[in-house]
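Here is a short report for a reader new to this structure. Start with the picture, then read on.

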Amino acid sequence: MNEPKLGISGAIAKKFLITEITPLLALVGLLLGLFAVMVTPREEDPQINVTFANVFIPFPGQALSRWKVW
């Protein structure tokens, strides 16, 4: 039976499906994630700065009542 030609991502996925190291890599990734959660510092009331920008674009000839004004 002719198998369809796989691209580079398909070839990589096929290789990960048949190799025995894939579960080990998944376990290492999970453990690294747990380690990152444990070592990340925590604050009771974190101060998060959110930057906003106002963009003004001239639109000559249009009435102000047509647009929502914040």
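## The chain

This is a predicted model. The protein chain has 70 residues, and buried residues make up 0% of them. Its secondary structure holds two helices and zero strands.

The accessible surface of the protein chain comes to about 7,700 Å². Carbon and sulfur atoms account for 67% of that surface.

## The nonpolar patch

A nonpolar patch lies on the surface. Its members are I8, I12, F16, I21, L24, L25, L27, V28, L30, L31, L32 and L34. Together they have about 1,200 Å² of accessible area.

Which helices supply the patch? Both α1 (8-18) and α2 (22-39) do, each with at least two residues. The largest share comes from α2, which gives eight residues.

## A look at L32

L32 sits in helix α2. L32 is also one of the patch residues.

Is L32 buried or exposed? Its relative accessible area is 55%. The cut-off for exposed is over 50%, so L32 counts as exposed.

How values were computed. Residues numbered from 1 in each chain as written. Predicted model: local features only at pLDDT ≥ 70, side-chain atom pairs only at ≥ 80, totals over all residues. Heavy atoms only, no water. Patch = residues over 30% accessible without salt bridge, like charges linked within 9 Å, V, L, I, M, F, W, Y side chains within 5 Å. Areas by Shrake-Rupley, 256 points an atom, 1.4 Å probe, with all protein chains shown as cover. Salt bridge = Lys/Arg side-chain N within 4 Å of Asp/Glu carboxyl O. Helix = DSSP H or I, 4+ residues; strand = E, 2+ residues; numbered from the N terminus. Buried < 20%, exposed > 50% of the residue type's maximum accessible area, 1.4 Å probe, protein only.
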